[in-house]
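Dear colleague,

I am passing on the structure we spoke about, and below it you will find notes on what came out of it. Please read them with the coordinates open beside you.

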Amino acid sequence: MNDALNDYAYLAANWAAVRERVDAACRAVGRDPAEVSILPVSKTFGPDVVRAAMALGMKRFGENKVQEIRSKAEALADSAIEWVVIGHLQTNKAKDVARLASEVQSLDRLDLAEALHRRLQLEGRTLDVLVEVKTSPEESKQGLSPGQLPAFLDALRAYDTLRVRGLMTLAVQSDDPAAVRACFRQLQQLRAQAEAQGHDLPRLSMGMSGDFPLAIAEGATEVRIGTAIFGRRPPVTA
């Protein structure tokens, strides 16, 4: 019981601080704070922490690994949680994603779109998706190259189970704010170009705990916040 109370108090303070920082970042660039949502990223934190976060009003949670969604969904089966896949997704995880996730923010390949579409048809479901675009030069980052985006968006029209809602990116890891902002600005420009070609892409998911004010300045509609809400990640065990 004490642990639960400690989790709640800790998360409540962090959540209030993050909300205020997001609101302040919006006001600093003349944006309405209501335009920017926060996706809490609960990866590596257990079901008890997620439950404490839900008591604060959080209901959507970002996860990198589908197996983590599967185990937490079982433990929290009595809760109305929306699980959002934000990590690189393999096609062999499509079955679990189609059954458990409310959204995928890392769609970057047609074979993955096809696998999700087939499984969603079997489940009788549709799924919100964001297309991940690689705006950083780092090899570790995933996503489509910007030049591949127009044809990819056109091809996704064939999959009526996938509701394409916008774009997602991870900025370069850099101490140079100009380099970070350039990644976010590119995604906003790509969205504008795609919308000029008839695609409806209202959402831009970009910005994390260390760089979200820069993302908000460049038009983010959602920021993905983990450490600033939940604290440092627990060590990963084999």
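This is a predicted model: local features need pLDDT of at least 70, side-chain atom pairs count only at pLDDT 80 or more; totals for chains, interfaces and linings use all residues.

Although A16 and L56 are 40 residues apart in sequence, their C-alpha atoms are 9.8 Å apart in space.

D48, whose place is in helix 2, counts as exposed, with a relative accessibility of 60%. From D48 to A215 the separation is 167 residues in sequence and 30 Å in space, C-alpha to C-alpha.

Two of the helices have a clear pattern of burial. In helix 3 (residues 66-75), the buried residues are V66, E68, I69, K72 and A73, and they lie on the same side of the helix because they cover an arc of only 150° around its axis. The buried residues of helix 3 pack against helix 2 (47-54) and helix 4 (94-100), and also against strand 2 (60-63) and strand 3 (82-85). In helix 6 (residues 149-156), L149, F152, L153 and L156 are buried, and since these buried residues fall within an arc of 100° when seen down the axis, they line one face of the helix. Their packing partners are strand 4, helix 5 (110-123), strand 5 (127-132), strand 6 (162-168) and helix 7 (177-196). As background to both cases, an α-helix has 3.6 residues a turn, so residues three or four places apart point the same way.

Strand 4 (residues 101-107) is largely enclosed by the rest of the structure, because six of its seven residues are buried. Strand 4 runs parallel to strand 3, to which three bridges join it, and within this pairing W83 stands opposite A101. L107, a residue of strand 4, is among those with the most contacts inside the largest nonpolar core, which has 67 residues; the others named are V22, V97, V131, V223 and I229. Leaving aside neighbours within four places in sequence, L107 is in contact with L112, A113, L116, V129, L130, V131, E132, F152, L156 and L162.

The count of aromatic pairs comes to two. In one of them, the rings of F61 and W83 have centres 6.2 Å apart and planes at 45°, so the pair is tilted. This pair links distant parts of the chain, with F61 in strand 2 and W83 in strand 3, 22 residues apart, and both F61 and W83 are buried.

Lastly, which backbone nitrogens does the side chain of S209 approach? A polar atom of that side chain lies 3.4 Å from the backbone nitrogen of T227, and the side chain also reaches the backbone nitrogen of A228 at 3.1 Å. S209 itself lies in the loop between strand 7 (203-205) and helix 8 (212-217), and it counts as buried because its relative accessibility is 18%, where the cut-off is under 20%. Not counting residues up to four places away in sequence, S209 touches R21, R224, I225, G226, T227 and A228.

With best wishes

Note on methods:
Residues are numbered from 1 along each chain as its sequence is written. Side-chain values use heavy atoms; hydrogens and water are left out. Helices (H or I, at least four residues) and strands (E, at least two) are DSSP runs, numbered from the N terminus. Buried means under 20% relative accessible area, exposed over 50%, partly exposed in between (1.4 Å probe, protein chains only). A polar contact is a pair of N or O atoms within 3.5 Å; within protein, one must be able to donate a hydrogen and the other to accept it, and residues adjacent in sequence count only if both atoms are side-chain atoms. Contact means heavy atoms within 4.5 Å. The arc is that of the directions from the helix axis to the C-beta atoms. Rings of Phe, Tyr and Trp (its six-membered ring) pair if their centres lie within 6.5 Å; planes under 30 degrees apart count as stacked, over 60 as edge-to-face and the rest as tilted. A nonpolar core is a set of buried Ala, Val, Leu, Ile, Met, Phe, Trp, Tyr and Cys residues joined through side-chain atoms within 4.5 Å. Two strands pair if DSSP finds at least two bridges between them.
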